Amino acid sequence: ECFASTRIDVERCYLTWSVKNFSACESGVKQEVPFVPASTKVPPLDIKWFINKEDGTINIEIILRGKKVSVTTYVICNISILDSKSNSQVLVQNDHFFEPYKDEQVWSLPPLIEKEELLLNRDQYLSDDSLSLTCELAISLGEESSTIEESNFKPFPENDSKQNKNMANTLKSDLLSLYTNKKYCDVTLQSSSKSFPAHKAILSARSLVLSTMIEDEKGDETRHILNIPDIDESTLNDMLIYMYSETLDHLNLESAIKLYCAADRYQVLSLKAICTDFLKSILTPSSVCLLLALADEHKDNDMKKYIQDYICNNASEIFHSKLWKEFMDKKATLAGEIMHGVLKKN
């Protein structure tokens, strides 16, 4: 028996601000929204609003500042408007990933509402010519703690071991049938071209990011729709099959790279590990540049070191290849770093 617990660190921030003399506000002038989070865990965020010069819409930008943020930061933002009776109406719901170790990243939310529409309905929205907006932020900072609380392992007799293996295979098959047969689904993952009905409990258990998205999704509580525009239809289906059954079929270089990227983005860590091992196993001089760039982009130091060791052992063939010369033109800093490391070892 083994009992484990994982705590996901999510900070929530709420702020309300008013724009006085709204009708006189000039287009194109960005104004900072006062934002002082109560928790010191919240990364340095700036919030600015402005009226777009071209279409007159109200827009908001959220800026992450500083290289000290060492983890991928996932943020869900809800912007609402308050009417004259203090009733709240949601204007925008959106989410975004901020990458680690970057100086400044700007997240532009979808336009909220047109200024003209607010002026036409000033009695409802512009009491005393003042516009009131609220912002709700859910900021996921990754895994806070993961512990094994109690364990009691005993060796199984050989017959029991075979029986348990059969039971595990049956469980995988039964869970996969829930996905393939689309039974009792209560969430839908929407790619750019296809919908994938699924189950919140399974997704929440397998993916930190999807768990956070489900928790913070507003609207119909009986049937969530999660937009996944950054994964193609085939890769999303393969990832879901793995999440239900821990099975992968017909991996190749292209599919493994796509699954690796998807698993890293949505924090399906066991899938990322499998893809990493597969990519290491098929590493060749012809694929080394592609996989080196992949490891560097995803801050995967383990795979990057493995590739550097491989290059060191095959330096003459790789460094004299046409692919490496093209790689040096495109990724000069990374190529220089690797070559320096190889020279130090030799």
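Lys 272 counts as buried because its relative accessibility is 17%, where buried means under 20% relative accessible area, exposed over 50% and partly exposed in between (1.4 Å probe, protein chains only). The residue lies in helix α8 (residues 269-281); helices (H or I, at least four residues) and strands (E, at least two) are DSSP runs, numbered from the N terminus. Not counting residues up to four places away in sequence, Lys 272 touches Tyr 260, Ala 263, Asp 264 and Asp 300, contact being defined as heavy atoms within 4.5 Å. The model is predicted, with local features requiring pLDDT of at least 70 and side-chain atom pairs counting only at pLDDT 80 or more, whereas totals for chains, interfaces and linings use all residues. Residues are numbered from 1 along each chain as its sequence is written, and side-chain values use heavy atoms, with hydrogens and water left out.

The secondary structure of the protein comprises 13 helices and 11 strands. Of the 346 residues, 41% are buried. Among contacts between residues at least 6 apart in sequence, 65% join residues at least 24 apart.

In soluble globular proteins, nonpolar side chains tend to be buried together. A nonpolar core is defined here as a set of buried Ala, Val, Leu, Ile, Met, Phe, Trp, Tyr and Cys residues joined through side-chain atoms within 4.5 Å. The largest such core has 57 residues, and those with the most contacts inside it are Leu 189, Leu 203, Met 239, Ile 307, Ile 311 and Trp 324. Helix α9 (residues 288-297) contributes the largest share of this core, 7 residues. At least three residues of the core are drawn from each of domain 1 (3-147) and domain 2 (170-251), the domain bounds coming from an automatic or database domain assignment. A second, separate core of 36 residues includes Cys 25, Val 33, Tyr 125 and Ile 139. Beyond its neighbours within four places in sequence, Leu 189 has contacts that include Phe 196, Leu 203, Leu 226, Ile 228, Leu 236 and Leu 240.

Ile 51 is located in strand β3 (residues 45-51) and counts as buried because its relative accessibility is 1%. With neighbours within four places in sequence left aside, the contacts of Ile 51 include Phe 22, Cys 25, Ile 58 and Lys 115. Val 29 is 22 residues from Ile 51 in sequence, and the C-alpha atoms of the two are 7.1 Å apart. Lys 115 in turn lies over the face of Phe 22, at 5.8 Å from the ring centre; a charge sits over a ring if NZ of Lys or CZ of Arg is within 6 Å of the ring centre and within 35 degrees of the ring normal. A further case is Lys 30, whose charged end sits over the ring of Phe 50, 5.3 Å from its centre.

Aromatic pairs number 6 in the model; rings of Phe, Tyr and Trp (its six-membered ring) pair if their centres lie within 6.5 Å, with planes under 30 degrees apart counted as stacked, over 60 as edge-to-face and the rest as tilted. Phe 98 and Trp 107 form an edge-to-face pair, with 6.2 Å between centres and 75° between planes, and both residues are buried. Phe 319 and Trp 324 form a tilted pair at 5.1 Å centre to centre, with 50° between the planes; both of these residues are likewise buried. Tyr 74, Phe 97 and Tyr 266 are linked into a cluster by ring pairs.

Backbone geometry was also examined. Most residues other than glycine have a negative phi. Glu 246, in contrast, has a positive phi near 55° and is found in the loop between α6 (233-245) and α7 (253-265). Glu 246 counts as partly exposed because its relative accessibility is 41%. Lys 299, also not a glycine, has a positive phi of about 55° and is placed in the loop between α9 and α10 (301-313). At 43% relative accessibility, Lys 299 counts as partly exposed.

Pro 197 is found in strand β10 (residues 195-198) and is buried, with a relative accessible area of 15%. Pro 197 and Lys 183 are 14 residues apart along the chain, with their C-alpha atoms separated by 8.8 Å.
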